Amino acid sequence: MKKYRVLVVDDEDLARELLIEYLKEDQRIEVIGECSNGLEGVKAVQELHPDLVFLDIQMPKVNGFEMLELLTEPPEIIFSTAFDQYAIRAFEMNAVDYLLKPYPIERLSQAVDKAIERIEKKDTDQLPVEKLVSDHDDQVVHVERIVVKSGSKIHIIPASDIRYIESQDDYVMIYWKNEHTMKQKTMKYFETHLDPQQFIRIHRSYLVNVSQISEIQQYEKESWILRLNGGEKLKVSKSGYRNLRERLSF
């Protein structure tokens with residue numbers, strides 16, 4: 001009988017132990033590892049290459065959705081969480097399954113059956129995980145941190161540390177403290193998800209932390225330059241100038 005390799009990622013020790021105990025009852029499943037947070041989960045997926053991951057959403061350091069963003073080729077995912085606010089969206093976007101704690105072993109078996117069916121079909125459509133992450137991005141929720149993978153490093157950047165963001169096609173360059181890091185997200189995502197009281201769009205290419213603004217200079221009749229505390233000069237569009245006047249009341 002073929003064995004399907006399973007990884008469990010959950011920050012609650014008892015929840016992991018119970019889930020693994022349940023999974024061991026299924027002869028089709030081989031539990032290859034367990035992780036207590038999303039950072040460990042990213043590393044484990046990259047090293048162990050599981051077929052299926054049971055993933056909690058609300059975790060410290062890196063949550064379930066942030067973990068998925070850091071995976072280039074995510075395996076099939078079954079969410080196992082005590083929170084239900086993403087459940088409807090998960091099913092709408094055809095997630096493998098969504099287990100709401102506490103759940104009986106019979107419910108777990110149903111989820112495993114669905115996952116194995118999907119793995120065996122090897123559907124060439126967009127991965128359900130990618131759809132779920134995309135759908136999560138569409139929700140207007142202000143984030144307090146940004147998770148970025150750069151080479152072998154994972155940066156967890158508090159929103160307050162971001163100085164400004166520059167659009168680069170389907171990517172953005174995030175300038176924070178004395179560093180800069182690229183992330184595959186649109187400017188629209190950050191304009192929607194960063195606190196509008198803290199960040200302001202000054203140009204189609206720039207989103208700026210208001211606390212970093214040093215001065216605004218006019219160099220032509222309807223052209224302006226924004227100077228930041230670090231000395232950078234950024235171009236301001238007409239609509240960006242209106243945004244600045246409204247926000248800064250001048």
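Is Lys61 buried, exposed or partly exposed, and at what relative accessibility? At 48% relative accessibility, Lys61 counts as partly exposed, where buried means under 20% relative accessible area, exposed over 50% and partly exposed in between, with a 1.4 Å probe and protein chains only. Before I go on, please keep in mind that this is a predicted model, in which local features need pLDDT of at least 70 and side-chain atom pairs count only at pLDDT 80 or more, while totals for chains, interfaces and linings use all residues. Residues are numbered from 1 along each chain as its sequence is written, and side-chain values use heavy atoms, with hydrogens and water left out.

Let me stay with the backbone for a moment. Lys61 lies in the loop between β3 and α3, the helix of residues 64-69, and its phi is near 70°, a positive value in a residue other than glycine. Another backbone feature is the peptide bond from Lys101 to Pro102, which is cis, with omega near -10°, and Pro102 belongs to the loop between β5 (97-100) and α5 (105-121).

Now to strand β3 itself. Four of its residues are buried, and both faces of the strand are covered, with Leu52 and Phe54 on one side and Val53 and Leu55 on the other. In a regular strand the side chains alternate between the two faces of the sheet. Strand β1 (residues 4-9) is joined to β3 by 4 bridges, and the two run parallel; for pairing, DSSP has to find at least two bridges between two strands. Within that pairing, Leu7 has Val53 as its bridge partner in β3. Another 4 bridges join β3 to β4 (residues 76-81), again in parallel, and here Val53 stands opposite Ile77.

Which residues does Glu30 touch, once its neighbours within four places in sequence are left aside? They are Lys3, Tyr4, Arg5 and Val6, contact being heavy atoms within 4.5 Å. Glu30 is found in strand β2 (residues 29-35) and is partly exposed, with a relative accessible area of 37%. Although Glu30 and Val6 are 24 residues apart along the chain, their C-alpha atoms are separated by 6.0 Å.

The buried residues of α8 (residues 238-248) are Gly240, Tyr241 and Leu244. Seen down the axis of α8, these buried residues fall within an arc of 100°, so they line one face of the helix, the arc being that of the directions from the helix axis to the C-beta atoms. What covers them includes β11, β13 (213-220), β14 (223-228) and β15 (233-236), whereas Arg242 and Glu246, on the other side of α8, are exposed. Just after the helix, Ser249 takes a positive phi of about 55°.

I will finish with the aromatic rings. The structure holds 8 aromatic pairs, where rings of Phe, Tyr and Trp (its six-membered ring) pair if their centres lie within 6.5 Å, and planes under 30 degrees apart count as stacked, over 60 as edge-to-face and the rest as tilted. One of these pairs is Tyr189 with Phe190, which is edge-to-face at 5.1 Å centre to centre and 85° between the planes. Tyr189 is buried at 11% relative accessibility, and Phe190 is buried at 0%. Elsewhere, Phe65, Phe79 and Tyr98 form one aromatic cluster.
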